[in-house]
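The stops below are in viewing order.

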Amino acid sequence: MHSLTARNRADDGGPSSRVSRYRSLGKKSPATVIVVDDDASVRGALRRQLRILEFNVLDFASAEEFLASELPTGDVCLLLDVYMPAMNGIELCRKMKESGRRLPTILISGRDDPETRRIMREAKPVASLLKPFDEKSLLRAIGKAFPNQSSLRD
């Protein structure tokens, strides 16, 4: 039996059955969105939604699992949960910066309090989203991560 958390779950390239209400890219985007969130239901929902939006998707259950992986080439951004056990999202941002692994990062959190807003701001992500967020907000944040992709601009 294979462990779902021990392997990298890449986009299987299967056809999307639904079309976004807000955006149709027309063809599969060469951009990859990497989701790092300890909540399996959040990862699954984001993976499905991003595939519908025609992005390549990789997802990881922990910061440590992500750090052990090899980054894909091309346009890549990180959709990163702030609060995870062991290494949290802010610590992962610091570790990546120290190691020279720089990716446009979108921080996400289910907490909306002054401390969370402060630490999100100090991490200097390209965007921050509070859960639950809608597809339009997600696309706007991803558009900031990939400013040169005309298919993501309004």
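The tour goes from a pocket to its cysteine, then to a loop residue.

This is a predicted model, in which local features need pLDDT of at least 70, side-chain atom pairs count only at pLDDT 80 or more, and totals for chains, interfaces and linings use all residues. Residues are numbered from 1 along each chain as its sequence is written, and side-chain values use heavy atoms, with hydrogens and water left out.

**The largest pocket.** Select Cys93, Lys97, Thr105, Ala123 and Lys124, which lie nearest the centre of the largest pocket among its 17 lining residues. On a 1 Å grid over the protein atoms alone, a pocket is an open set of points where a 1.4 Å probe fits, with protein on both sides within 12 Å along at least five of seven lines; lining residues have an atom within 4 Å of a point.

Next, colour α3 (89-99) and β4 (76-81), each of which supplies at least two lining residues. Helices (H or I, at least four residues) and strands (E, at least two) are DSSP runs, numbered from the N terminus. The largest share, 5 residues, comes from α3.

**Cysteines.** Select Cys93: its relative accessibility is 18%, so Cys93 counts as buried (under 20% relative accessible area; exposed is over 50%, partly exposed in between, with a 1.4 Å probe and protein chains only). Cys77, at 0%, is also buried.

**Asp39.** Move to the loop between β2 (32-36) and α1 (40-52), where Asp39 lies. Asp39 is partly exposed at 33%. Show Met84 as well: 45 residues separate Asp39 and Met84 in sequence, and 8.6 Å in space, C-alpha to C-alpha.
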